[in-house]
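Me: I would like to go through this structure and ask what stands behind each label. Please set the values against the cut-offs.

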Amino acid sequence: MFIKVCGLRTEADVDAAVEAEVDAIGFMFARSPRHVDASTVIRLMRRIPSTVLTVGVFRDQPLADVRSLVNITGVHGVQLHGKEGRPYYEQLSETGCTLIRGLSYREPLPRHGDLGEDILLLDAPVPGAGVPWDWSRRPLRTTAGKWLLAGGLTPENVGDAVRATNPWGVDVSSGIEISRGEKDPALIASFAKAARAARAAA
C-alpha cells in the first residue's frame, strides 16, 4: 500500500510522516491554504530520508516555473492538477521526476499512463473539499496500474475505501488535519496504520 500525505508545512508535520513510514510527502506550490514557498521546502527536505518520494504539487503553472522549483528545492516528483496536456508531461519527464496526474473522478474512467504519467491520482468529484464521496458505487476496482485514491479520506474511512476500490495507493490531506492546513501527528500515524491494515486484510 503506497501512502502519500500532502500539504505538509512544518517540521512537526514532516517528522510525523517520516515516523509513520509513509511513501510520499507532498508540498503545495499551487495556490492553497497549504501553500509553501521554496525556502520552506528546502528546509523541510533535510528532514526527509531519500527512501521517501518528495512531491511538488502544481496547478496550471508555467512549465518554466515548475522546472525552476524542482531544481531549487530538489523534490523528486511533480503532481499536476490542472489542464496540462501530453506535451507538458513529455517536457517534464526530461527532469527525471516521478510524474503524478491528479484529476477529479469522471466516467469513463481515465487510464493510468494516458499522458505519460507514472502515477494516476483519482480525486473526489469536488476536489479539495475534504468531503468523502461514494467510492463503493464507482467502477474503481477495474482501474489498472499505479493509481491513488484521494478525496475525503480519513483514518476512520480509509479502510472501507481500500476494501471497496482496491487502489494501488492512497493520498490524504484534509483528513489528517485538526483545522484547515494544520496537520495532526496522531492522525497521520493512525491514517497510515489503518490504510496498511486494510490492505493486509484484503
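Me: Where is the place of Gly-181?

Reply: This is a predicted model. In it, Gly-181 sits in the loop between β9 and β10.

Me: Why is Gly-181 called buried, rather than exposed?

Reply: Its relative accessible area is 3%. Buried means under 20%, so Gly-181 is buried.

Me: Which residues is Gly-181 in contact with, leaving aside its neighbours within four places in sequence?

Reply: Arg-9 and Arg-34. Gly-181 also pairs up with Gly-7 in a distance check: the two are 174 residues apart along the chain, and their C-alpha atoms are separated by 7.2 Å.

Me: What makes Arg-180 exposed?

Reply: Arg-180 is in the loop between β9 (177–179) and β10 (182–183). Its relative accessible area is 53%. Exposed means over 50%, so Arg-180 counts as exposed. Across the sequence, Arg-180 and Pro-33 are 147 residues apart, with 7.3 Å in space from C-alpha to C-alpha.

Me: Lys-183 has a charged side chain. Why is Lys-183 called buried?

Reply: The label rests on area. Lys-183 has a relative accessible area of 5%, and the limit for buried is under 20%. Therefore Lys-183 is buried. Lys-183 belongs to strand β10.

Me: What is Lys-183 in contact with, leaving aside its neighbours within four places in sequence?

Reply: Its contacts are Cys-6, Gly-7, Leu-8, Asp-13, Arg-34, Ser-173, Ile-176, Glu-177 and Ile-188. For Asp-15, the C-alpha to C-alpha figure is 11 Å, at 168 residues apart in sequence.

Me: What makes Phe-2 and Trp-168 an aromatic pair, and why is the pair called stacked?

Reply: The centres are 4.7 Å apart. Ring centres within 6.5 Å make a pair. The planes are at 20 degrees, and under 30 degrees counts as stacked. So Phe-2 and Trp-168 are a stacked pair. By this rule there are 2 aromatic pairs.

Me: Which parts does the pair of Phe-2 and Trp-168 tie together?

Reply: Phe-2 is in strand β1 (residues 2–6), and Trp-168 is in the loop between α5 (158–165) and β8 (169–172), so the pair joins parts 166 residues apart in sequence.

Me: Are Phe-2 and Trp-168 buried or partly exposed?

Reply: Phe-2 has a relative accessible area of 14%, which is under 20% and therefore buried. Trp-168 has 27%. That value falls between 20% and 50%, so Trp-168 is partly exposed.

Me: How many residues has the largest nonpolar core, and which have the most contacts inside it?

Reply: The largest nonpolar core has 52 residues. Val-5, Ile-25, Phe-27, Val-78, Leu-92, Val-170 and Phe-191 have the most contacts inside it. Helix α6 (residues 185–201) gives the most to this core, with 5 residues. A second, separate core has 13 residues, including Phe-2, Met-28, Leu-121 and Leu-148.

Me: What does Val-170 touch, not counting residues up to four places away in sequence?

Reply: Among them are Met-1, Phe-2, Ile-3, Leu-148, Leu-153, Val-162, Phe-191 and Ala-195.

Me: How do helix α2 and helix α3 cross, and which residues make the contact?

Reply: The axes of α2 (residues 38–45) and α3 (residues 63–73) come within 9 Å and cross at roughly 35 degrees. The crossing is right-handed. From α2 come Ala-38, Val-41, Ile-42 and Met-45, and from α3 Leu-69, Ile-72 and Thr-73. By class, that is 6 nonpolar, 1 polar and no charged residues.

Me: Why is Val-70 called buried?

Reply: Val-70 lies in helix α3. At 7% relative accessibility it is under 20%, so Val-70 is buried. Its contacts, leaving aside neighbours within four places in sequence, are Val-75, Val-78 and Cys-97. Val-70 and Cys-97 are 8.6 Å apart, C-alpha to C-alpha, and 27 residues apart in sequence.

Me: What is the phi of Glu-21, and what makes Glu-21 exposed?

Reply: Glu-21 has a positive phi of about 60 degrees, although it is not a glycine. Glu-21 is in the loop between α1 (11–19) and β2 (24–28). Its relative accessible area of 58% is over 50%, so Glu-21 is exposed.

Me: Why does Asp-60 count as partly exposed?

Reply: Asp-60 has 47% relative accessibility. That lies between 20% and 50%, so Asp-60 is partly exposed. Asp-60 is in the loop between β3 (53–58) and α3, with a positive phi of about 50 degrees.

Key: Residues are numbered from 1 along each chain as its sequence is written. This is a predicted model: local features need pLDDT of at least 70, side-chain atom pairs count only at pLDDT 80 or more; totals for chains, interfaces and linings use all residues. Side-chain values use heavy atoms; hydrogens and water are left out. A nonpolar core is a set of buried Ala, Val, Leu, Ile, Met, Phe, Trp, Tyr and Cys residues joined through side-chain atoms within 4.5 Å. Buried means under 20% relative accessible area, exposed over 50%, partly exposed in between (1.4 Å probe, protein chains only). Helices (H or I, at least four residues) and strands (E, at least two) are DSSP runs, numbered from the N terminus. Contact means heavy atoms within 4.5 Å. Rings of Phe, Tyr and Trp (its six-membered ring) pair if their centres lie within 6.5 Å; planes under 30 degrees apart count as stacked, over 60 as edge-to-face and the rest as tilted. Axes are lines fitted to C-alpha atoms, for helices over the stretch in contact, and angles run from 0 to 180 degrees between N-to-C directions. A crossing is left-handed if the near helix is turned anticlockwise from the far one by less than a right angle, and right-handed if clockwise.
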